[in-house]
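Please have the sequence and the three-dimensional view open while I speak.

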Amino acid sequence: VGGVVFLISFLFQGKFRDTLCVAAYVILGADVLLKAGKNIIKGKVFDENFLMSIATIGAVLIGKYSEAVEVMLFYGVGEMLSDYAVERSEKSVNAIMNIRPDIAYINEGGKRKKVLAKKISKGQIIEVLPGERIPLDGVIAEGDSFLDLSCITGESKPERVETGKKIMSGAVNLSGRILVEVTEEYENSTASKIIAAMKNSIDKKAKSEKFITAFAKKYTPAVIAVALAVAFIVPLFDGFLFAKWIYRALIFLVVSCPCALVISVPLGFFAGI
């Protein structure tokens, strides 16, 4: 909505265009301004929200409404891409969770019996029919078939397996009935290890994310320090023209906003996913 209002503003001139730009700025920047305010109250002053807030407010004060809107618009696009990337990754994780069946089947006296995979011990024989996903790692004790290993290895071509062949949990039995001697218990199966690795990765920040967080903490105060120097120290050597150099300091703040970084990082994550 903010982007549309901003584009419409280019159809007009004068005060009406400025009014539309201010409206777009409020729509796009309200969240950033609120975050900056909340962080200041918490004592977390120097972050990208604070930098963008003072830069865009300064741009508005000197009448550069379009620049103020553009900073917030680019940041909003970056945040949207980031949210989309997170949503896609969550869907990928949920899909991974389905590769490990909770149920295994054993054959007792010619009758097929359903058992919780957690209760199956090493050395037990489980039965896997065509169309079923293999619940536990093991060795084929009887039968031969083709397995779909795409969710484990990424290989789309089915793999032929026969008696004596080691197989991994998570694979799908495509053709024949097989009996599998379990070699790894439920918690140590291939599928369980993959799921555990995925869950652990969710709890840990990526190195790139840590870099951006650390970068913002150092970058923001550095930029503000330079802007203050441009605004109040440089004029001392240029005829005390404070208005001129404060104006340039505000331009510097707008240019220094890390919008490209904010957009590029989630794009990188999204491409990776």
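Let me begin with terms: helices (H or I, at least four residues) and strands (E, at least two) are DSSP runs, numbered from the N terminus. This is a predicted model, in which local features need pLDDT of at least 70, side-chain atom pairs count only at pLDDT 80 or more, and totals for chains, interfaces and linings use all residues. Residues are numbered from 1 along each chain as its sequence is written, and side-chain values use heavy atoms, with hydrogens and water left out.

I start with serine 9, which lies in helix H1. Buried means under 20% relative accessible area, exposed over 50%, and partly exposed in between, with a 1.4 Å probe and protein chains only. Serine 9 has a relative accessible area of 0% and is therefore buried. Contact means heavy atoms within 4.5 Å. Beyond its neighbours within four places in sequence, serine 9 is in contact with Arg17, Leu20 and Cys21.

An α-helix has 3.6 residues a turn, so residues three or four places apart point the same way.

How far apart are the end C-alpha atoms of helix H2? They are 37 Å apart, which agrees with the 40 Å that its 28 residues, 14-41, should span at 1.5 Å a residue. The expected span is 1.5 Å times one less than the number of residues. H2 bends by about 55 degrees at glycine 29, the bend being the angle between axes fitted to the seven residues ending there and the seven starting there. After H2 comes glycine 43, with a positive phi near 90 degrees.

Next, the interior. A nonpolar core is a set of buried Ala, Val, Leu, Ile, Met, Phe, Trp, Tyr and Cys residues joined through side-chain atoms within 4.5 Å. The largest has 23 residues, and Met52, Val69, Val71, Leu253 and Cys257 have the most contacts inside it. Elements giving it two or more residues include H1, H2 and helix H3 (48-61). Apart from it lies another core, of 19 residues, including Ala104 and Ile134.

Finally, phenylalanine 240 lies in the loop between H7 and H8. Is this residue buried or exposed? With a relative accessible area of 55%, phenylalanine 240 is exposed. Its phi is positive, about 55 degrees, although it is not a glycine. Most residues other than glycine have a negative phi.
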